[in-house]
Amino acid sequence: MNFDALFQAQLDTLKAEGNYRIFAELERECGQHPKAQCHGADGKRQITVWCSNDYLGMGQHPKVTGRMTEVIEQCGAGAGGTRNISGTNHHHRLLEEELADLHGKESALLFTSGYVSNWAALSTLGARLPDAIILSDELNHASMIEGMRHSRAKVVIWKHNDPEDLDRKLAALPANAPKIVAFESVYSMDGDVAPIAEICDVADKYGAMTYLDEVHAVGMYGPRGGGIAERDGVMDRITLIEGTLGKAFGVVGGYITGSEALCDFIRSFASGFIFTTALPPAVAAAAQTSIKHLKTSSIERETQQLRVRQLREMLNSAGIPHLDNPSHIIPVMIKDPVKCRMLSDYLMDEFGIYVQPINYPTVPKGTERLRFTPSPNHSVEDLQHLVTALSVLWKQCAVAHAVA
């Protein structure tokens, strides 16, 4: 059997649908965020990145890079093993203590990525709690969905950000079954925000535990960067808060926080934790430095929020439609995969602006978009250049008619 032909047939279909993904080959310039060198057929040139998840530019902050360099010199490049077999470094413990403090919890547990932390924690909870039922917001991330599937627990889907529907779903379940309400704070594609307090009210009514994914909110919201739950004063009402080190904190890795017993339970039974090499100590130390900095510094958050407001105002003035939401994520809706790819290419080729097209399966078909994430390091001139470029292309590509 010609397996390559089978592979290629599906790739050809993906390309015909406009959903084939092409990676931009970037070389980030330390100290120049959001600028980067883009490698292409004609060599490399400097471009401006508009879709980075390094939301605050902390991946290039001198405190963070300096600490990483320092610890590489002290400990070397890698951890040397899994956490269980020689891989637990002093810097891992310090980072877990920093994270527990950030979220007001007893304990924290590190993972190699936010995807893995969701997958491992939810799969372990669903599999190890007898007769557990997971109630999942219908727009939860793929990592959460995969964790639930792997757990083989019963999963009940409730309408997005709808506490009343959650109440109805919980009321129909056996009273004595362990129930886990899983949801996110900031949803990364539409940028909308969960009504956390209302969801907690419903969960409390039925004795359910709450599982909150704050990956797009940690570092970004709250007086110390603890996320939407900190901003809303409800961290103590959440059983488990999950987050990432790879977005606003600018490094890599994921984590969960909760009670000492909860974190020890996941540590002891989650295969995604037990059987994988630990984060490099230098990464852990850099992440701790980033978190500690953002606990006391608000200038990054304040400037980022200012840039978001400014870009929204400029888009409105130019007549460029974008989803209105209360977060830092600005989706410009295209609603056509081919046009979305074409606009992304034009922005890069003609204006030196990099924004990745967001197509199916990341978003449903017919909701394709360009997703902009302004940082505190984007200048007003960068914003003006982006909006000018979009305005030109909007007319050239007749996108306005397509999205009306």
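These legends describe close-up views of one predicted model. Local features need pLDDT of at least 70 and side-chain atom pairs count only at pLDDT 80 or more, while totals for chains, interfaces and linings use all residues. Residues are numbered from 1 along each chain as its sequence is written, and side-chain values use heavy atoms, with hydrogens and water left out.

**View 1. The second largest pocket.** Its volume is about 350 Å³. On a 1 Å grid over the protein atoms alone, a pocket is an open set of points with protein on both sides within 12 Å along at least five of seven lines; lining residues have an atom within 4 Å of a point. Grid points are joined across faces, edges and corners, and a volume is the space filled by probe spheres set on the points. The lining of the second largest pocket has 18 residues, and Arg83, Glu96, Ala108, Leu109 and Arg267 are the closest to the centre. Two or more lining residues come from each of helix H3 (83-87), helix H4 (90-102), strand E4 (107-111), helix H10 (260-269) and helix H11 (271-274). Helices (H or I, at least four residues) and strands (E, at least two) are DSSP runs, numbered from the N terminus. H10 gives the largest share, five residues. By class, the lining of the second largest pocket holds eight charged, six nonpolar and four polar residues. Here Ala, Val, Leu, Ile, Met, Phe, Trp, Tyr, Cys and Pro count as nonpolar, Asp, Glu, Lys and Arg as charged, and the others, Gly among them, as polar.

**View 2. Glu96 in helix H4.** Glu96 is buried because its relative accessible area is 11% (buried is under 20%, exposed over 50%, partly exposed in between; 1.4 Å probe, protein chains only). The Glu96 side chain reaches the backbone nitrogen of Leu110 at 3.0 Å. Beyond its neighbours within four places in sequence, Glu96 is in contact (heavy atoms within 4.5 Å) with Arg83, Ala108, Leu109 and Leu110.

**View 3. Thr82 in the loop between helix H2 (62-75) and H3.** Thr82 counts as buried, at 17% relative accessibility. Its side chain reaches the backbone nitrogen of Ile85 at 3.1 Å. Leaving out residues up to four places away in sequence, Thr82 touches Gly87, Thr88, Ile274, Phe275, Thr276, Thr277 and Ala278.

**View 4. The largest cavity.** The whole structure has one cavity of 30 Å³ or more. A cavity is a set of points where a 1.4 Å probe fits but cannot get out. The volume of the largest cavity is about 80 Å³. Its lining is made of Arg83, His92, Leu110, Phe111, Thr112, Gly272, Phe273, Thr276, Thr277, Ala278 and Leu279. E4 and H11 are the elements that give two or more of these residues. The lining of the largest cavity divides into five nonpolar, five polar and one charged.

**View 5. Ser297 in the loop between helix H12 (281-296) and helix H13 (299-318).** Ser297 is buried, at 13% relative accessibility. Ser297 and Glu96 are 201 residues apart in sequence, and 20 Å apart in space, C-alpha to C-alpha.

**View 6. Cysteines.** A search of the whole structure finds zero disulfides (a disulfide is a pair of cysteine sulfur atoms within 2.5 Å). For Cys30, the nearest cysteine sulfur is that of Cys38, 19 Å away. Cys30 is exposed, with a relative accessible area of 57%. Cys340 is buried, with a relative accessible area of 0%.

Key
Polar contact = N/O pair within 3.5 Å; in protein donor to acceptor, adjacent residues only side chain to side chain.
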